[in-house]
Amino acid sequence: FLAPKITSVNWQSKLNKAAHHTSDYSSTKAILRRGQAFSITLNLKTPVQPWDSFTFIASTGPSPAESQQTKAIFTLSEEAECGWSAAREPGEPDCMNITILSPADAVIGRYKLKLQIVSGNKVSSKSLGQFVLLFNPWCPDDDVYMAKEKEREEYVLNDSGIIFQGLEKDIQEEAWNYGQFEEDILDISLAILDRSLNHREDAAADVSNRCSPVYVSRVVSAMVNSNDEKGVVEGKWTGKYRSGTNPLQWSGSVSILRKWYRTRYRPVRYGQCWVFAGVTCTVLRCLGIPTRVITNFNSAHDKNINLSIDKYVDTSGKTLHLSEDSVWNFHVWNESWFIRRDLGSFYDGWQVLDATPQEKSKGIYQCGPASTRAIKEGDVDLDYDSPFVFAAVNADYVTWIYHSKKRKERIYSDTRRIGKCISTKAVGTNSRVDVTANYKYPEGSLKERKVYKKALKLLGVRRTGKKPKITRPRRPFSRPGRQPAQTPSISGKLSLDESPVIGQDILLTLALRNLISDFKTIKVKLRASAVLYTRKPKADILELYRTIKLGSEEAKEISFRISYSQYKNSLMDDRKILVTAVCQTKKGASLLIEKDIVLQDPFLTIKVLGPAVVHEPVNVEVTFTNPLSDVVTDCVLRAEGSGLLREQLRINVARMDPMESSTVQFEIIPYRSGTRQLQVDLVCIHFSDIKGFVMLDVAPA
């Protein structure tokens, strides 16, 4: 018997990539999705005989085993117990066209494919090559199946997006380059799984578990931060960033992931929440799990998970750190789409993942997946980390004025402040979609009260009795909303006269009103502090004291100015200022008014000077202005965009006079068609980054 001899293997790369929606990956490897057939052609030196039998062996991981579903043995025309199958399609006599089908719950990752041929009493073995198997949102039997094509295009195939930041009443959009199809990113995403603690402790079990999006997404949430296992990004929220990159200067995930990979897995410095979420989105989309970025405004970090956040200020309005709880102006996390076999079908759909290292879960810094359905229904006893996410969107916000160790005055118990305008980018456009209703019932509704009570009960939190250090107020179930500790006799509001721009003075008005018929003398202590987006004060800017006399039901306004010279040396890169006014009457009743301010960047304009076509150069013109009344030097203009620039572009801008406008031109050569995002960032030591982006429609060559 002459056994068939295989001279070459054609992996039908173009055909398979198109069928499997993997054409965009910048790789020559065979990249396939599970639960879907792929074709290979075996070119033969000798023809196949009827008595020849063919057995395929697909294996993944360091210790492949059938019992772990990391090794599959299957023959032609017979589906094996493992769910893999192969069939021969019609073709020329000197070649074999083979169609191979993997099961929809196959382990994802790098595979080797071998063929064993038995011809009479001769057995020969041939390595056919390697392929990468990914999750498949197009396959109805896959746990990550997503029914709508437009949603698959957005949450799996879109390599750029928008991350919302700022304040609840001043939401800003920041462009982010996910770049999941760029060169090396798939290899890096698989390396992230191989560097995890789980893999180091038991590689065979870890690889076997990679059939589950619940498992893979949880591993990624742990590995994107560096806290436990030399993961990708090191977080930093205090001090200077001299030994790394300021988190505000990142515009995408590609340069971060490549830096981690090229420095032999040294954590990249530094990241904050949107960086962790951006990188997580890249890795999960790359692996085939539909993923989006979510921003929660007024996001609670409830350290002791008792669903109450306590804020203390002194009598001058200065924030005191008497509690480990905090409320961030915004916090960014991810949602991934898959079914929950571990919880039941009611909890299928969007699952929260948070790679920002805040609290440990099962001993390491990881968070999720937590079902958004579980959060909305108050099912905080379900895996994973649902109490932490529930508190982030639902905790009470209790404000205290701290007079002394013996006297703390409760000003408000606000049940509506936390978890506002929960936002994500729309499918197919850059507009904002509010998804708050996915997380909770309408604030103040009977259903929302019921869910809150249920969560308290499941967490074993009682609203009566003494807690460590302080006594928590009872949540007012009968009158939801912002509850003052006693009936107020004055009301007040801080407002901006106009939207403040960096480099200019800030004009504010404090409006006070006497709500009763008595004459009043009010002492006002006004304070402005530079803060981070976590609302942590970093530097005092201004303190003012005023005495206001108000007649019966009289209203008065006080205007005041924070000059550029006062804030320029204190302002953090976040460009955020917290203004507080403590108003006290002679009888001792207090009113606390707060105003968050984000200074706006001056505009940066981007013009594409001609049509954008694949492999054809086109010029881009960027115009920007020095917003300061000082000369600035040593600025750098940076540009990046998947499908437009293979590496980040950097152009030095030598000098800019006060308020001077400057124009820079550069060339791009698009290498991928479709809608593309070009991001531009002016980096300067004198002020925080000025960013802009433009969307381009790139025509095929």
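The model is predicted. A UniProt record (unreviewed entry) marks Asn 394, Asp 396, Glu 443 and Glu 448 as "binding site". These residues are spread over 55 residues of sequence, yet they cluster in space, with a largest C-alpha distance of 12.8 Å.

**Around the annotated site**

- Glu 443 sits in the loop between helix H11 (436-439) and helix H12 (446-459).
- Beyond its neighbours within four places in sequence, Glu 443 is in contact with Thr 415, Arg 416, Ile 418 and Glu 448.
- The side chains of Glu 443 and Lys 440 make a polar contact (2.7 Å).
- Glu 448 belongs to helix H12, and with a relative accessible area of 4% it is buried.
- A polar atom of the Glu 448 side chain lies 3.1 Å from the backbone nitrogen of Gly 444.

**The largest cavity**

- The model has five cavities of 30 Å³ or more, and the largest holds about 230 Å³ of space.
- Its lining has 21 residues, and those closest to the centre are Gln 165, Glu 174, Leu 248, Arg 575 and Lys 691.
- Strand E11 gives the most to this lining, with four residues.
- The lining of the largest cavity divides into nine nonpolar, four polar and eight charged residues.

**The second largest cavity**

- The second largest cavity has a volume of about 60 Å³.
- Residues lining the second largest cavity include Glu 154, Tyr 178, Arg 285 and Lys 425.
- Strand E10 supplies the largest share of that lining, three residues.
- The lining of the second largest cavity is made up of four nonpolar, three polar and four charged residues.

Notes:
Residues numbered from 1 in each chain as written. Predicted model: local features only at pLDDT ≥ 70, side-chain atom pairs only at ≥ 80, totals over all residues. Heavy atoms only, no water. UniProt positions renumbered as here; feature names shortened; annotations may be inferred. Helix = DSSP H or I, 4+ residues; strand = E, 2+ residues; numbered from the N terminus. Contact = heavy atoms within 4.5 Å. Polar contact = N/O pair within 3.5 Å; in protein donor to acceptor, adjacent residues only side chain to side chain. Buried < 20%, exposed > 50% of the residue type's maximum accessible area, 1.4 Å probe, protein only. 1 Å grid on protein atoms, 1.4 Å probe; cavity = no way out; pocket = protein on both sides within 12 Å on 5 of 7 lines; lining within 4 Å. Points joined across faces, edges and corners; volume = space filled by probe spheres on them. Nonpolar A, V, L, I, M, F, W, Y, C, P; charged D, E, K, R; others polar.
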